[in-house]
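Subject: Structure for you to look at

Hello,

Here is the structure I said I would pass on. Please open it and keep it beside this email while you read.

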Amino acid sequence: MGKFRVGTGWKMNHTLAMARDYAQALAAAERPEGIDLFVLPPATALTEVVRLLEGSGVRVGAQNAHWAEKGAWTGEISMTMVADAGATLIELGHSERRAHFGETDLDVNRKVRAAIDHGLIPLVCVGETGDDKRLGAAIETNARQARMAMAGLSHAEAAKVWLAYEPVWAIGEGGIPATPEDAKPVHAAIKRAVLDLVGVEPPVLYGGSVNPQNAEALAVVPEVDGLFVGRSAWTAQGLLQIATLAAQARKRG
Ligand code: PGA
């Protein structure tokens, strides 16, 4: 199953200068053992962050890319461009993409296919809204999104995919972090859904208001294979603090 993964999507934050500071600080820092770190800068900073983190073991990825190889898609970037920038990871289907840019499960499926074809690791976000949860459809929604993202992949291809459970009600300012009790059954259901579909149990990270107060409790849930952090990891120190807390908590067991 590999190491415990801790990483962050910067969303629409950080100029090139800020990205450089972040990457340099991360490259120079002592990084916790047993943790696979990753950062997802905006596309404008991708090549520079890749360059500065080369040889550090910290993975770098993009936050979104199109499924088409190239062409008349103004404003988009392709998987080829992401790979060309030196990134190895691609975040897909974040709830902000789904909500603000109308991304569907079918879009996410096409993007997963394209990512795999370009040798990128897809990090697919799934998650129910507050209404889904209130009406008792959390498990179903997540299982459906995970299945639709991965439909059509072979066993070997599916084994490359990471998923993140990101309940929409937990994300961002005003989000309420999921508790380990909230996360556990949904993570288990996502794993089961993917196992049924493609015969592979995927790593499932948790994301949504992860912070230094809740990182330890989430990191020791057996079904949680990593933490995907937003606001609390928009500084290198923030990411390292959460990664260190997770590493210590897992060592304690
Ligand atoms: P947050 O973002 O940690 O700021 O809630 C999480 C995410 O969107 O992945």
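This is a predicted model: local features need pLDDT of at least 70, side-chain atom pairs count only at pLDDT 80 or more; totals for chains, interfaces and linings use all residues.

The ligand

The ligand sits in the largest pocket. The residues around the ligand are K11, H94, E166, I171, G172, G208, S209, G230 and R231. Polar side-chain atoms of three of them can be picked out by distance to ligand oxygen. For H94, an N or O atom of the side chain is 2.6 Å from an oxygen atom of the ligand. For E166, the distance from a side-chain N or O atom to a ligand oxygen is 2.8 Å. R231 has a polar side-chain atom that lies 2.6 Å from an oxygen atom of the ligand. On its own the ligand has 280 Å² of accessible area, and the protein covers 98% of that.

The loop between β1 and α1

K11, which is among the residues around the ligand, is found in the loop between β1 (4-9) and α1 (16-28). H14 lies in the loop between β1 and α1 as well. What do the phi angles of these residues look like? K11 has a positive phi of about 55° although it is not a glycine, and H14, also not a glycine, has a positive phi of about 85°. As background, most residues other than glycine have a negative phi.

H14 counts as buried because its relative accessibility is 18%, and the cut-off for buried is under 20%.

D107 in helix α5

D107 is part of helix α5, which covers residues 105-117. With a relative accessibility of 14%, D107 counts as buried. Which backbone atom does the side chain of D107 reach? It is the backbone nitrogen of T104, at 3.0 Å. Leaving aside residues up to four places away in sequence, D107 touches W67 and G102.

A156 in helix α8

Helix α8 consists of residues 155-158, and A156 lies in it. A156 has a relative accessible area of 53%, so it is exposed; the cut-off for exposed is over 50%. A156 and G199 are 43 residues apart along the chain, and their C-alpha atoms are separated by 9.6 Å.

Regards

Definitions and conventions
Residues are numbered from 1 along each chain as its sequence is written. Side-chain values use heavy atoms; hydrogens and water are left out. Helices (H or I, at least four residues) and strands (E, at least two) are DSSP runs, numbered from the N terminus. Buried means under 20% relative accessible area, exposed over 50%, partly exposed in between (1.4 Å probe, protein chains only). A polar contact is a pair of N or O atoms within 3.5 Å; within protein, one must be able to donate a hydrogen and the other to accept it, and residues adjacent in sequence count only if both atoms are side-chain atoms. Contact means heavy atoms within 4.5 Å. A residue is near a molecule or strand if one of its heavy atoms lies within 4 Å of it. Accessible areas come from the Shrake-Rupley method with a 1.4 Å probe; for residues, only the protein chains shown count as cover. On a 1 Å grid over the protein atoms alone, a cavity is a set of points where a 1.4 Å probe fits but cannot get out, and a pocket is an open set with protein on both sides within 12 Å along at least five of seven lines; lining residues have an atom within 4 Å of a point. A molecule sits in a cavity or pocket if more than half of its atoms lie within 2 Å of its grid points.
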